[in-house]
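I wanted to go through the contacts in this one and jot down what turned up. Here is the entry.

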Number of protein chains: 2
Amino acid sequence: MPSGPGAKLTDVAALARVSVGTVSNVLNRPDQVSFDKRTRVLAAIEELGFVRNESARSLRSGSTRSLGMLVLDVRNPFFTDVALGAENVAEDHKHSLILANSAEDAGREQAYLDLFEQQRVQGVLITPFGQVLQRLERMRDRGIPSVLVDRLASTDQFCSVSVDDVAGGATALDHLVSVGSVRPAFVGGPFTLQQVEDRYRGAADAAARAGVPLQLFETPDLKFERGRRIGDLMSNLQSDKRPDAVFAANDQLALGLLQSFAANGLRVPEDVAIVGFDDIDFASQSSIPLTSISQPRQLIGERAAQLLFDEIDDEPGHVHSQVVFTPELVARQSTLRR
Amino acid sequence: MPSGPGAKLTDVAALARVSVGTVSNVLNRPDQVSFDKRTRVLAAIEELGFVRNESARSLRSGSTRSLGMLVLDVRNPFFTDVALGAENVAEDHKHSLILANSAEDAGREQAYLDLFEQQRVQGVLITPFGQVLQRLERMRDRGIPSVLVDRLASTDQFCSVSVDDVAGGATALDHLVSVGSVRPAFVGGPFTLQQVEDRYRGAADAAARAGVPLQLFETPDLKFERGRRIGDLMSNLQSDKRPDAVFAANDQLALGLLQSFAANGLRVPEDVAIVGFDDIDFASQSSIPLTSISQPRQLIGERAAQLLFDEIDDEPGHVHSQVVFTPELVARQSTLRR
DNA sequence: AAACCGTCTTGAATCGATTCATTCAAGAAC
DNA sequence: GTTCTTGAATGAATCGATTCAAGACGGTTT
């Protein structure tokens, strides 16, 4: 019968009639302890229901076993997929991942970075929202490195893992033109998000090359509901003014548009074709499956975590690297009439 | 210019020419410190870039400022919404929420509970997967209480926040019958998940009352891909054997079914009507919007966190309570022909 | 001037696991 | 029989913030 709360290392040592050092060794370097003492200690641990106090452990040893991850929006499946990839790598390194949500709010972002510093996490994976690069540099100088996720590092001060959003934007627009669009539009915002900016720029360049105009619908966020509203707005335009194809800055927006068009009696893709970005699972699961620009979501998380562990383990000799994946078009029904 | 890594409390005290106790007071009870010392201390903190060491803090004070939350599947938007609600309440209490993902794996579930114990979290929010109730009781006896989320506590040993899944199941089936189904089916599993079991039972009872048979398609999980496969399987049935309506145990399954039916040329709802469960955002955003049984997702998370804080704060006099929300039908196009 | 009071401030003791220099035992080498 | 070597075990010192009993200070009252 395990007993009450709060057995500590010394209690275990007393019960097993060994020193505290030996108990600690059983916990951390079990092969350096003789068989019979080891078994005695393990039995004592079991009997007392001893659970090691992580605070004491990391205070003394000076290092925690955790990473912090700060994403723009936990409700966006893109980010939970990235987080999943990162979590798997963290687990391999026997670290845990603390997942936090800045919710596109600069204040929350700062608050969570405070928290990560206080907790002395070993490193941070972050999709930045506000102006945090300076702060991240400072943290790195104090021993908490970070890796930028889904965002190319504009300096050589950080590792980053991202996709080539400009190329992705161009791919999307080329595709729309190739299925016959002559009045394409871009929907997305805010343009302070680098991802949005880049996707737009890629699309705008491609449109210029193709000799078609690109209409712009700027939005304050990238949520479903926003897509719905923009969709309603477009649906009310005269058909010769209405875009015949839309490139949305992410899939949530795109799905909102899709639903709005369906509700307003517009046919997709005949009246309006749609391309999204991210290729979240729900894109293909939608009953008019959505054409999207696919990012290797889990892989992004995995690589980011690997780079972070490189920097953590290897502090002095570490060279920052920028991993850039090329996103791929996945053409589905929302742009392809059958 | 903030200096190097690792300024500690004593450094701050030295620079501000006060004692460590005073610095600690500035941090924790600022109103008990005179104005000029307080400003001196704050200036020193600023100058040194001091960040308090949470490990040391919680070792000495004996308490952390964090909750653990363990969900079945972070990739399911239902759970991220619940987590969001919980996180907001945690934030109000100046606690942070450590979000972890058991991924419907009993081993991971145990591992994360180990972690939470070692970290001495103040409490745990959990959607149990394996047999963990005994363990949770033991943890509570040692001072780490937990609240069951999306799962009715079968004992009076815990607080819980859930919805009435039996009623929800009945509502779903009644609705299908009311729109004309005579050959409804239930899709879901594993039945070791209480939620699945209850939703099925409610539906089965309702079917019996209505005098229709209820076909059962049992699944090993509740993911999209599974729904797609079951959908393909159903689509290949002869039309007089094929269910004319499906109640899926959650929305991800339902959306998989929806997509499969569309791909196989079955019309929804004319050939097959579909009801899901959870009413995640993507349910309504699907281009044939999905009828679903709605749960107050964020509210579930909020109430669960509130109950947990009640128990944390109020340890001796705490009475466990079961909050049960009644889920609501949200009828959309997947069951209503226009 | 002594006694008293409330408000600030002080600093040594403390939380619990880890570390590491030191001790010990037993076998190997000479 | 003595000295070395090796592997295991020991336990006091340590990590950094918090706590709290005790002290300092300034002002009031008697």
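**Chain A against chain B, then DNA strand D**

I began with polar contacts: 22 residue pairs turn up across the interface of chain A and chain B, both partners at pLDDT 80 or more. I keep in mind that this is a predicted model.

H5(A) has the largest share, with 7 residues. By class I noted 20 nonpolar, 18 polar and 14 charged residues on that side.

Then I looked up salt bridges, and the rule gives 8 across this interface. I wrote down one of them, Arg108(A) with Glu87(B), where the closest N and O atoms are 3.4 Å apart.

For overall extent, I have 52 residues of chain A in contact with 53 of chain B. The buried area comes to about 4900 Å², with 52% from carbon and sulfur atoms. Arg75(A), Phe282(A) and Gln285(A) supply 15% of what chain A buries against chain B, more than any other three residues.

I moved on to DNA strand D. Of the 24 residues around it, Thr22(A), Ser34(A), Arg60(A), Lys8(B) and Leu9(B) come nearest. A backbone N or O atom of Leu9(B) sits 2.5 Å from a phosphate oxygen. Arg52(B) puts a polar side-chain atom 3.1 Å from a phosphate oxygen, while a side-chain N or O atom of Arg60(B) is 3.4 Å from a base oxygen.

Definitions and conventions:
Residues numbered from 1 in each chain as written. Chains lettered and ligands numbered in written order. Predicted model: local features only at pLDDT ≥ 70, side-chain atom pairs only at ≥ 80, totals over all residues. Heavy atoms only, no water. Contact = heavy atoms within 4.5 Å. Buried area = accessible area lost by both parts, 1.4 Å probe. Salt bridge = Lys/Arg side-chain N within 4 Å of Asp/Glu carboxyl O. Polar contact = N/O pair within 3.5 Å; in protein donor to acceptor, adjacent residues only side chain to side chain. Helix = DSSP H or I, 4+ residues; strand = E, 2+ residues; numbered from the N terminus. Nonpolar A, V, L, I, M, F, W, Y, C, P; charged D, E, K, R; others polar. Near = heavy atom within 4 Å.
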